[in-house]
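Student: Could you walk me through this one, starting with a single loop residue and then moving out to the strands and helices?
Tutor: Gladly; have the model open beside you as we go.

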Amino acid sequence: MIGSALLAGLPALGLAGLAAASPAGALTERTITPLACLVFGDIVSPWWLKKCQSHLDLVVIDLRSAAEYSVSHIPGSVSLPFEPVSAWSEMGPGDLLLEMPPSASVFATLGAAGVSNPSPATKIVLVNGVDVPAFPQAASPRVATTLKYAGISEGRVSVLDGGFPAWQAESYPVTTVVPTPAAKTFTSTEDRSFLVDKEYVRARINRKSEHIYLIDGRGAAVYNGSVIEEWALKPGHIPSAVSLPAEYIWNADGSWKSPLELLALLRGAVGYGVSRSYGEIVVYCGVGGYASSWYFVLTRILGFENVKMYDGSAQEWSLYYDMEL
Ligand SMILES: *[C@@H]1O[C@H](CO)[C@@H](O)[C@H](O)[C@H]1NC(C)=O
């Protein structure tokens with residue numbers, strides 16, 4: 001009875017074709033959703049995606065450039081490139097790069113890509129490219145935070161581990177065929193609860209004794225002021241921030257490091273006093289991409305409960321306040 005109760009409950013999870021039976025009443029292999037597909041992880045492997053793509057109400061979004069997509073992509077994946085001014089981000093007041101776009105335009109983009117909400121609530125897998133520096137890797141967590149801001153629950157958004165190169169490395173099928181997704185209506189409620197402004201950050205300087213940490217996700221040379229990025233007016237970092245370069249989040253092949261490795265990186269930077277359940281971590285970087293990467297790691301992979309993201313980042317901060325060397 002446990003088995004049938006489980007099967008009876010599964011359609012409520014929004015799984016396509018799960019309990020469809022043949023005329024004889026027997027479940028056929030083709031119609032049964034593999035158990036592995038019931039677990040929709042924060043990071044999914046290429047084999048999981050290949051196995052589960054046809055069993056779930058899943059939209060695969062390719063964040064690479066239109067040119068890369070046109071050469072080769074995962075069958076059925078939709079092209080929505082991540083660029084500073086794109087469906088995913090826009091120029092903010094005072095030419096701030098990579099700010100959240102109006103939520104209504106994110107809703108429209110998602111609806112056109114075939115994402116519906118809430119029923120059946122489509123799940124989304126994000127696919128990035130891989131390069132050095134790790135800007136393409138950061139595209140997926142950046143878009144994941146944009147989707148959170150657009151009101152999509154985090155449990156519905158996954159990242160493909162190792163991005164498109166990992167799919168290719170398995171010799172899985174690729175195509176140049178561009179799908180035409182059936183447009184859906186998508187609306188949700190904007191969530192700005194995790195986004196903070198410069199005054200919020202300013203009020204959190206030098207509060208490590210209260211377990212309140214500012215984390216700088218840029219490279220070490222940018223943090224210490226020996227390199228100045230083009231969008232920051234001043235060298236250095238926000239006073240009292242610790243350096244935790246986002247490039248360390250990934251292995252050389254673009255796959256994500258393990259939770260234990262990521263926790264060790266965090267503790268190496270801020271100390272063992274850091275706790276999942278008390279205190280606070282505010283992440284920032286140059287314009288917001290690497291900050292999103294740490295936001296994803298801390299909240300989705302490591303389970304930290306009180307994390308905020310300063311989207312204006314060093315670009316905005318350096319317009320108003322001093323940096324520290
Ligand atoms: C700044 O960081 C870079 C990269 O780690 C390092 O090579 C350089 O020596 C540092 N400079 C100072 C002044 O600390």
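This is a predicted model: local features need pLDDT of at least 70, side-chain atom pairs count only at pLDDT 80 or more; totals for chains, interfaces and linings use all residues.

**From a loop residue to the sheet and helices**

Tutor: Asn 117 lies in the loop between H4 and E6, where helices (H or I, at least four residues) and strands (E, at least two) are DSSP runs, numbered from the N terminus. Residues are numbered from 1 along each chain as its sequence is written.

Student: Okay, is Asn 117 buried or exposed?
Tutor: Asn 117 is buried, with a relative accessible area of 18%; buried means under 20% relative accessible area, exposed over 50%, and partly exposed in between, with a 1.4 Å probe and protein chains only.

Student: And what is Asn 117 in contact with, beyond its neighbours within four places in sequence?
Tutor: With those neighbours left aside, Asn 117 is in contact with Arg 156, Thr 185, Phe 186, Thr 187 and Ser 188, contact meaning heavy atoms within 4.5 Å.

Student: Which side chain makes a polar contact with that of Asn 117?
Tutor: The side chain of Arg 156 does, at 2.7 Å, and the side chain of Asn 117 also reaches the backbone oxygen of Thr 187 at 3.2 Å. A polar contact is a pair of N or O atoms within 3.5 Å; within protein, one must be able to donate a hydrogen and the other to accept it, and residues adjacent in sequence count only if both atoms are side-chain atoms.

Student: Switching to the sheet: what's the strand order?
Tutor: The order is E1-E7-E6-E2-E3 in an open sheet of 5 strands with parallel pairing, and two strands pair if DSSP finds at least two bridges between them.

Student: Which strands stand at the edges?
Tutor: Strand E1 (43–44) and strand E3 (78–79) do, each having a single partner strand, so one side of each is left without a neighbour in the sheet.

Student: How many bridges join E6 to E7?
Tutor: There are 3 bridges between strand E6 (residues 123–127) and strand E7 (residues 157–160), which run parallel; Ile 124 stands opposite Val 157 in E7, and Val 125 stands opposite Ser 158. E1 is joined to E7 by 2 bridges, also in parallel, with Leu 160 in E7 as the bridge partner of Val 44.

Student: Where do the E7 side chains point?
Tutor: Val 157 and Val 159 point one way from E7, Ser 158 and Leu 160 point the other way, and all are buried.

Student: Now the helices: what covers the buried residues of H4?
Tutor: The cover includes strand E2 (58–62), E6 and H5, and the buried residues of helix H4 (residues 103–112) are Ser 103, Val 106, Phe 107, Thr 109, Leu 110 and Gly 111. After H4 comes Gly 114, whose phi is positive, near 95°.

Student: What does H5 lie across?
Tutor: H5 lies across E6 and E7, running at about 150° to E6; axes are lines fitted to C-alpha atoms, for helices over the stretch in contact, and angles run from 0 to 180 degrees between N-to-C directions.

Technical notes
Side-chain values use heavy atoms; hydrogens and water are left out.
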